[in-house]
Amino acid sequence: MQDFIVVIPSRFASTRLPGKPLLEIAGEPMVKHVWRRACESAATRVVIATDDERIRDAFAGLEAEVVMTRPDHPSGTDRLAEVAAILDLPDDAVLVNVQGDEPLIPPALIDQVAQRLFDDTGASIATLAEPITDVDSLFNPNAVKVVRQASGRALYFSRAPIPWDRQAFAQRPEQLETDAWLRHIGIYAYRASFLAEYLGWAASPLEQLEQLEQLRALHHGHAIQVGLAREPNPAGVDTADDLERVRQWMQDQGAGT
């Protein structure tokens, strides 16, 4: 596999869970679990990108690379672009953005998204998706849907249930009959050249409507390669309930070893 870098954007401020990266799971801050998962991938380098010294200090004594970034980034993509500039990465460098609230992310998915970008040399971004099998997820605006070309490149991302089944969705169905729907998994691989270009763009109209920053890339004509995840991706931590679920999972795993 070719070389790639994992960057973990980690912001202390959070509307629903203040200080989220440092919330304890199985005796360690959440962001440490993410870092350990990333270190189990094939990445040649793992970088934590943060604007908060408390997050940097959480890695004291570990062989972890922490890059301090500006506090005013509107998104993780902007923070990645600053990291690429700070590290003076070449245009063809590949960076994988692993969210700092994904303590259970399988390392295999990190490798897969990087390989997907290596395989599609004309794409600027790669990401992953998985089948949607239940009606609630399909109609949940917090579950982002994606439709793809035959090549795997994204046609569109939406919070709406796309594609729309004209016959079956005249009324909300009780169950889904096929696996035609895909939920987007929020892990991305980028080329450094794309990140540098991204910084010069204003938010696009569709991005503002859907509140999905990947639509900015499509708006500007960049291809996004979407792979089907090789294994399930456990949900990340957005709420206090999510945090308790992950804590319980970690506890159960420890009890079984």
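A: A definition comes first: on a 1 Å grid over the protein atoms alone, a cavity is a set of points where a 1.4 Å probe fits but cannot get out, while a pocket is an open set with protein on both sides within 12 Å along at least five of seven lines; lining residues have an atom within 4 Å of a point. The model is predicted, so local features need pLDDT of at least 70 and side-chain atom pairs count only at pLDDT 80 or more, whereas totals for chains, interfaces and linings use all residues. Residues are numbered from 1 along each chain as its sequence is written, and side-chain values use heavy atoms, with hydrogens and water left out.

Q: Which residues line the second largest cavity?
A: Its lining consists of Val 98, Gln 99, Glu 102, Ile 105, Ile 185, Gly 186, Ile 187 and Asn 233. The second largest cavity holds about 40 Å³ of space, a volume being the space filled by probe spheres set on the grid points, which are joined across faces, edges and corners.

Q: And what lines the largest cavity?
A: Thr 77, Ile 125, Tyr 188, Tyr 190, Phe 194, Tyr 198, Glu 213, Gln 214 and Ala 217 do. Two or more of the lining residues come from each of E10, helix H6 (192-198) and helix H8 (214-219); helices (H or I, at least four residues) and strands (E, at least two) are DSSP runs, numbered from the N terminus. The largest cavity has about 50 Å³ of space.

Q: How many of the lining residues are nonpolar, polar and charged?
A: The lining of the largest pocket has 13 nonpolar, 21 polar and 13 charged residues. Here Ala, Val, Leu, Ile, Met, Phe, Trp, Tyr, Cys and Pro count as nonpolar, Asp, Glu, Lys and Arg as charged, and the others, Gly among them, as polar.

Q: Changing topic: is Asp 52 buried or exposed?
A: Asp 52 counts as buried because its relative accessible area is 12%, and buried means under 20%, exposed over 50% and partly exposed in between (1.4 Å probe, protein chains only). Asp 52 is in the loop between strand E4 (45-50) and helix H2 (53-57).

Q: What does its side chain reach?
A: The side chain of Asp 52 reaches the backbone nitrogen of Arg 54 at 2.8 Å.

Q: What about Ala 26, buried or exposed?
A: Ala 26 is exposed, because its relative accessibility is 54%. Its phi is near 50°, a positive value in a residue other than glycine.

Q: Where is Asp 88 found?
A: Asp 88 is in the loop between H3 and strand E6 (94-97). Phi of Asp 88 is near 55°, also a positive value in a residue other than glycine.

Q: Lastly, which peptide bond is cis?
A: The bond from Ile 162 to Pro 163 is cis, with omega near -5°. Pro 163 sits in the loop between strand E9 (154-158) and E10.

Technical notes: Polar contact = N/O pair within 3.5 Å; in protein donor to acceptor, adjacent residues only side chain to side chain.
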